[in-house]
Amino acid sequence: MSHMLQPTILLLKEGTDTSQGKAQLISNINACTTIVDTVKTTLGPRGMDKLVWNDRSTTISNDGATIMRLLDIVHPAARTLVDIAVSQDEEVGDGTTSTVVLAGSLLQQSKEFIEDGVHPTLIIKGLRAACELATKHIGELAVPTSDADQRKMLERCAATAMNSKLIGTHQDFFAPLVVDAVMHLDEDQDIGLIGIKKQSGGSMDDSFLVEGVAFPKCFSYAGFEQQPKQFSNPKILALNLELELKAERDNAEVRISPEKYQEIVTAEWEIIYEKLEKIVASGAQVILSRLAIGDLATQYFADRGLFCAGRVGSDDLRRITKATGASVQTTVSSLLESELGTCAKFEEKQVGGQRYNMFTGCPEAKSVTVVLRGGGEQFIDEMDRSIHDAIMVVRRARKATNVVAGGGAIEMELSKLLRDHARTIFGKEQLIINAFAKALEVVPRQIADNAGLDSISILNKLRKAHAQGQTWFGVDVVGGEVCDTFKSFVWEPAIVRRNCITAATEAACLILSVDETVKNPQAEQDQNPYV
């Protein structure tokens, strides 16, 4: 009888919700599948856009990472898909939707094994083995490009990245522009040296590249229009210093006599005039500051034929200092000539309804600025995201010159190779590798579906072509058939596909490894955390 009187042991706080076992695993897979269903229609050149609205703004995009960020997903397992989309976007810039769709397909294939009682550990082992084989085959299949053809290769990779974007119809214009931007970078390829500015008005074809640093005119005071707007080989001073008289009401209340007050005001004027005199004595002709440059300083510089701009953005000031060789100063007490930067030409130009300050011919770092023109704000924002993705792809392709064909061609070839390998092994791993091969077919199937084609017919034709040794046959969304996408110049860096498959597999394995979810009860709002 003693064993019946033992007290119940409570390990978790009362009200804690725990879910475990097969039901919890399938629930997590279903949650991820729901997210995939949301974004999969954006895949490919004929993918649809999503309109995401919240109380603050409206975003229209078909960029997978952008949509995943804006969905504000709260399910803990489904948030894993957000993480892989963001990591893919930051790592290689393109293939975010493909990664999420492939991860969802792997989970959907794994769900059947879970329901049949296969242990998740065996499924994870099989998926990782298939992923290793797939990435190895990508390395073998990838086509190296010669240095002589590098620019053509980069333009084709950029055009492929833009193909599914809003600017896809203008890829012949934007692809060379993106390649020019990346080719101007030094060997370290610091992406921060490429600035993208958005100026509404005009058409997309009015966008242009500035071989240097450009930014919109900052807030200015009286006297600014009297300043010169063009210099050749100017000395440039970068400051993190306020050149402005503070109004008395902004300061603390001090009770003093009128004579003392006049002494304080006089001293304040003497201090700012001393600063301005030292700046002029340094020989600088263009003065930029992250903080405000007031009306007194603006007029002072105008009288001496100098140009100044206050409240310059931190990113713009960083690019200017890197490109011109200037050092940001927090004081003007001892300005040296070596701390000043220079460029071949500085000028202020009108772009649409805004004036831009442009620094070209910078000697230190090869910085460039892409100025985008177009219609509404949402339109230009989507252009910005598209250009960013293309820049990231070209930057990667410049380092890793091996390319593969897009349009679902590489996925179909990998699927065929994995099926062939599965026939050489036995046991449950054979079934799992076969399932991985089937999951890879989701990319060409979804591309065909989004283009309004018969995906069953397209997949059958692709399987036949790849079985006959047509390695680079993929979906032709223009002709509604299959074609050699390598000959059609639908190219993308091999590293993009490799990263896509690896990230999707790791996400699927992570979700499959979770067999229990513990949700702690929410603490009361008025509960004291220190009690």
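Which residues make the nonpolar surface patch of about 270 Å²?

1. Ile256, Tyr261 and Ile264 make this patch. A patch is built from residues with over 30% relative accessible area and no salt bridge, where like charges are joined within 9 Å and nonpolar side chains (Val, Leu, Ile, Met, Phe, Trp, Tyr) within 5 Å. A salt bridge here is a side-chain nitrogen of Lys or Arg within 4 Å of a carboxyl oxygen of Asp or Glu. Accessible areas come from the Shrake-Rupley method with a 1.4 Å probe, and for residues only the protein chains shown count as cover.

2. On the basis of the note: this is a predicted model, in which local features need pLDDT of at least 70 and side-chain atom pairs count only at pLDDT 80 or more, while totals for chains, interfaces and linings use all residues. Residues are numbered from 1 along each chain as its sequence is written, and side-chain values use heavy atoms, with hydrogens and water left out.

3. Ile256, one of the patch residues, sits in the loop between strand S8 (235-239) and helix H8 (258-281). Helices (H or I, at least four residues) and strands (E, at least two) are DSSP runs, numbered from the N terminus. With a relative accessible area of 38%, Ile256 is partly exposed; buried means under 20%, exposed over 50%, and partly exposed in between (1.4 Å probe, protein chains only).

4. Two strands pair if DSSP finds at least two bridges between them. Axes are lines fitted to C-alpha atoms, for helices over the stretch in contact, and angles run from 0 to 180 degrees between N-to-C directions.

5. S4 and strand S15 (residues 368-374) run parallel and are joined by seven bridges. Gln199 has Arg373 as its bridge partner in S15.

6. A second sheet to inspect is open and antiparallel, with four strands in the order S6-S14-S13-S7. Its edges are strand S6 (212-216) and strand S7 (230-232); each has a single partner strand, so one side of each is left without a neighbour in the sheet. The twist averages 25° from one strand to the next here. Five bridges link S6 to strand S14 (residues 354-360), and these two run antiparallel. Val213 has Phe359 as its bridge partner in S14.

7. Arg311 has a positive phi, near 55°, and lies in the loop between strand S10 (307-309) and H10. Its relative accessibility is 43%, so Arg311 counts as partly exposed. Phe489 has a positive phi near 65° and is placed in the loop between strand S18 (481-484) and strand S19 (491-493). Phe489 is partly exposed, at a relative accessible area of 41%.

8. Is Gly479 buried or exposed? At 52% relative accessibility, Gly479 counts as exposed. Gly479 belongs to the loop between strand S17 (473-476) and S18. Its C-alpha atom is separated by 39 Å from that of Leu510, 31 residues apart along the chain.
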